Amino acid sequence: MPAFGWRARIGLISPGTSGIHTSALEMEMLAPDGVIFISRFLDGPRSLGLDDLRAMLPQIAPAAHVIAATPDVDVILVAGAPIVLANGSDRIIGAITKETGLPATTNVAAIVAGLRRLGIGRVAVHAPYYPAEIADLMRAHLDGAGIDVASVLDGSGVDFEGHKDVSPQDTYRKAKRAFLETGGAEGLVLVGGGAPLHDVIAVLERDIGAPVIANNFAALWHALVMAHVREPIEGYGVLLSSL
């Protein structure tokens, strides 16, 4: 086994609309020593419209096939929650496993797994830059997984290409308000991995007094669990510290 990735090799498939995706940057930044990502970036989507998102599905299995050609890949992770939600998380996982024979997950599946790991059954959801149509798909997915969604605050009005301009501080304030105004929520879900959160997630979790299950951090946690890497990552929320 080469020195790079001696502990785990995680395949990562993510959208390629505007350079390296924030999901890849945040996960690579926080990954423990000895863990590397083998990345493939998709061509698109052109928009967050459902037709454009569903048109991405044929790219996923070929991307997974290329990743699987790298020796000793442990798990393949798909980022880009709108693509996952529009095409179905289970469908995408099944397509990757059929193509490669490798374990697979998605960031959406990781959020559900993280909520179950922490025993959270009722949540508030904030999607900093998703239109209402995509935020509603997230609500439906969580409902289908047996998670009670008490409220959803979407990102209507944010331009599709402007997601990286959504500041962590703005997300902090909106997410905190969404949680505090929701009665009985046990946790907060932040979905939308293109908006960086590493500067604020621990502060947000501390200030609301409840777990925050955020897109990229849940995805990293789930991939590491599936790759059997158990090293707590402190300072980025209770889920990563539970490894």
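## Basis of the model

The model is predicted: local features need pLDDT of at least 70, side-chain atom pairs count only at pLDDT 80 or more, and totals for chains, interfaces and linings use all residues. Residues are numbered from 1 along each chain as its sequence is written, and side-chain values use heavy atoms, with hydrogens and water left out.

## Helix α9

Helix α9 spans residues 201-208; helices are DSSP runs of H or I with at least four residues, and strands are E runs of at least two, numbered from the N terminus. Ile-201, Leu-204, Glu-205 and Ile-208 of α9 are buried, that is, under 20% relative accessible area with a 1.4 Å probe and protein chains only. Viewed down the axis of α9, these buried residues fall within an arc of 100° (taken from the directions from the helix axis to the C-beta atoms), so they line one face of the helix.

The cover over the buried residues of α9 includes α8 (168-180), β7 (187-190), β8 (212-214), α10 (215-226) and α11 (238-241). Just after α9, Gly-209 has a positive phi of about 70°.

## Packing of α8 and α9

The axes of α8 and α9 lie 10 Å apart at an angle of about 25°; axes are lines fitted to C-alpha atoms over the stretch in contact, and angles run from 0 to 180 degrees between N-to-C directions. The two helices α8 and α9 are therefore roughly parallel (under 35 degrees). Tyr-172, Ala-175, Lys-176 and Phe-179 of α8 make the contact (heavy atoms within 4.5 Å) with Val-203, Leu-204, Asp-207 and Ile-208 of α9.

## Packing of α6 and α10

Helix α6 (residues 107-117) packs against α10 at about 80°, with axes 8 Å apart. The helices α6 and α10 are therefore roughly perpendicular (65 to 115 degrees).

Note on methods
Buried means under 20% relative accessible area, exposed over 50%, partly exposed in between (1.4 Å probe, protein chains only). Angles under 35 degrees count as roughly parallel, over 145 as roughly antiparallel, 65 to 115 as roughly perpendicular and the rest as oblique.
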